[in-house]
Amino acid sequence: MMASHSDTLVVFFGATAGANGGKLGSDERELILLVWQIVDLHENKVGKLQRTLVQPDSADLSEQCKEETGLTAEELCKAEPLESVLQQFYQSVSAELKSLGRSSYTLCVDGPLLIRQVLHPGASKKNLVLPECFYTFVDLKKEFQKCCPNAGPARDLTLTSMLDCILLMLWVLPWYLYHKFSTFETVNYKFESGACSKTEAVDSETVIRARGLPWQSSDQDIARFFKGLNIAKGGVALCLNAQGRRNGEALVRFINSEHRDMALERHKHHMGNRYIEVYKATGEEFLKIAGGTSNEVAQFLSKENQVIIRMRGLPFTASPQDVLGFLGPESPVTDGTEGLLFVKYPDGRPTGDAFVLFACEEYAQNALKKHKQILGKRYIELFRSTAAEVQQVLNRYMSTPLISTLPPPPPQMVSVPVLATSPFITTGSTRDCIRLRGLPYTAAIEDILEFMGEHTIDIKPHGVHMVLNQQGRPSGDAFIQMKSADRAFMVAQKCHKKMMKDRYVEVFQCSTEEMSFVLMGGTLNRSGLSPPPCKLPCLSPPTYAAFPATPGMLPTEAAFYQPPLLATPRTPQAPAHNPAPALAYYSPQLYMNMNMNMNMNYTTYYPSPPVSPSTVSYFAAPPGSVAAAVAAQPAPSILPPQPGALVRMQGVPYNAGVKDILSFFQGYQTSVDGMTPALRGGGKRAELDGNE
């Protein structure tokens, strides 16, 4: 019955049990009062003022509501529920229109808050379907400002002065007789998914960040939370963590800043039992998550009105036909194999993820019923997904650089002497190490040395390794290399379950090989060693060689970066002469950044920079004191000065040759003789000497 440019208006007002006026709907309180009146422009008549109470789930009224409406909780308990009141409104308006001989009307409201922030969200939470008339309306304030641009914004109208509100209509009527309403506000019936290009311009005044979402929520669930506000096509981008799983956040893009501002008013509104935090975000953040450049993804997402399902845990050998067979005939994929998108690494290896398109919700629901069913020898996880998630997952896997960028060193880097004994760890089966498990998270290396007591003299130089988790915090574990297996056995016997602060610490004897297994996600205890869940080799960060000091270079510029625990370094050559003692510079945070910024998909933990009992104060000691300690030691052997630097390339295509690598480094001085292709763990890498 809703029609544009109708000569019959229905003026519509309402109030909630909480804040009203400019904050209407911001506190998530329910609708308790509806008031409407019909205005016949053709006959210049005003109909009867209709006033109906709405029964809320909670009759707790705010002081503002009591003052402005004069309602009591007893009155509301006798009222009809929202569904019945909406049906009453529809029947009343239809009957009055019929008596006037009219077939259509225009819904007019004093501002968009009643429709967008109260009526639509409230109906959505109660699973009610609103009549079609509530999806198109006229904002009288905007029209009044167009009629009288010099009058300024109209004041918020109160319910106690409802008759004065009707006088506003009398101001609008003469203008309306000569000029029809020019702007009709609309509410989207449903959210439209779609792809977003990284080159697209996104206004930062239209983007918000929602935080605290349930992990299983989809873009449709988020659109339902913002029901009443118009989200741009493809404007919901679910954020993923470093492991590719949803982290409970999403970026949402609205059609304009007005809708974004109303979305911010829904801060700490509820989705189920969880409250959702809503903050401002930028267009750059949205494009980083939702934008894509892949033609393959653009073609995959070009089919509109499709339901997207993400499959995770597929066997690496799974073919499109295997996936179609797994889904079965009750879940036909759109366009067969064309509706499948397998996620791969840059070198073409499968990741075990895939996205599937379905033509309707029924097919998608049938597919979701196969969650955790077996394909081959693996169970498959299925989730609802979005176009933005497709872009984000593809961007994450396909944008891994061949050479990771080393972050700039912090301004203050603390020095550690390089000892004559090589600090590099080579894996072996000799059980000359111990593992400390259950350390207090506040434990420092000093606490570990105090815990070991007299046995600290048996620790190898640079043999103390604190183990950090993926957030760079202590994991409660540490590995210590002893001078012999007998010493390691003795420490494990005497210190097992000894107290450190308020916790007992378990001590196990182990080998460096077992140490590597633990860092890959395996377990080690007195019952033995359990291998990591993934048998693939651990992807270690590249080994960084030392950059030689040059005249005029500050000591901190001649920094040595220790290789990670699992990396196999190049054996240093004996120097032709005996240079002066050198210092190796460590930055604990930089070291962690090096480990965490690499593509370590299978590693659970990361080692801290290795230290020795004699250098335990390297976190806080000033360079002068450490330099004095170095001067008191015999001159050690260090890596010889080199004419260039050594880098390692990971993820080199299998068919790449010397010419391809030289072309990649075009513009830099490189040495062909210093290029060493190598194979490790079934993957290809290359080591290269260069002068820049």
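Colleague: Which residues line the second largest cavity?

Modeller: The lining is made of Ser 193, Gly 194, Ala 195, Leu 301, Lys 303, Glu 304, Asn 305, Gln 306, Ile 308, Leu 357 and Ala 387. A cavity is a set of points on a 1 Å grid over the protein atoms alone where a 1.4 Å probe fits but cannot get out, and lining residues have an atom within 4 Å of a point. This is a predicted model: local features need pLDDT of at least 70, side-chain atom pairs count only at pLDDT 80 or more, and totals for chains, interfaces and linings use all residues. Residues are numbered from 1 along each chain as its sequence is written, and side-chain values use heavy atoms, with hydrogens and water left out.

Colleague: How do the residues of that lining divide into nonpolar, polar and charged?

Modeller: Five are nonpolar, four are polar and two are charged. Ala, Val, Leu, Ile, Met, Phe, Trp, Tyr, Cys and Pro count as nonpolar, Asp, Glu, Lys and Arg as charged, and the others, Gly among them, as polar.

Colleague: How much space lies in the second largest cavity?

Modeller: About 70 Å³. That volume is the space filled by probe spheres set on the grid points, which are joined across faces, edges and corners. The whole structure has seven cavities of 30 Å³ or more.

Colleague: Zooming out. How many helices and strands are in the protein?

Modeller: There are 19 helices and 32 strands. Both are DSSP runs, numbered from the N terminus: helices are H or I with at least four residues, strands are E with at least two.

Colleague: What share of the residues is buried?

Modeller: Buried residues make up 49% of the 692 residues. Buried means under 20% relative accessible area, with a 1.4 Å probe and protein chains only.

Colleague: How many bridges hold strand 15 and strand 19 as a pair?

Modeller: Four bridges, in the antiparallel sense, between strand 15 (residues 307-312) and strand 19 (residues 378-384). Ile 309 has Arg 384 of strand 19 as its bridge partner. Arg 312 has Glu 381 of strand 19.

Colleague: And strand 18 with strand 19: how many bridges?

Modeller: Three, also antiparallel; strand 18 is residues 373-375. Gln 373 has Ile 380 in strand 19 as its partner. The hairpin of these strands has two residues between them, and Gly 376 there takes a positive phi near 70 degrees.

Colleague: Is Ala 364 buried, or is it exposed?

Modeller: Ala 364 has 0% relative accessibility, so it counts as buried. Its place is in helix 12. Ala 364 touches Val 307, Ile 309 and Phe 358, leaving out residues up to four places away in sequence. Contact means heavy atoms within 4.5 Å. The C-alpha atoms of Ala 364 and Glu 330 are separated by 9.6 Å, and the two are 34 residues apart along the chain.

Colleague: Change of topic. Why is helix 14 largely enclosed?

Modeller: Six of the eight residues of helix 14 (residues 445-452) are buried, so the rest of the structure largely encloses it. The buried ones are Ile 445, Asp 447, Ile 448, Leu 449, Phe 451 and Met 452. Those residues pack against strands 21 (433-437), 22 (459-468), 23 (474-482), 24 (498-500) and 25 (503-510), and against helix 15 (485-495).

Colleague: Which residue follows helix 14?

Modeller: Gly 453, and its phi is positive, near 60 degrees.

Terms used: Buried means under 20% relative accessible area, exposed over 50%, partly exposed in between (1.4 Å probe, protein chains only). Two strands pair if DSSP finds at least two bridges between them. On a 1 Å grid over the protein atoms alone, a cavity is a set of points where a 1.4 Å probe fits but cannot get out, and a pocket is an open set with protein on both sides within 12 Å along at least five of seven lines; lining residues have an atom within 4 Å of a point.
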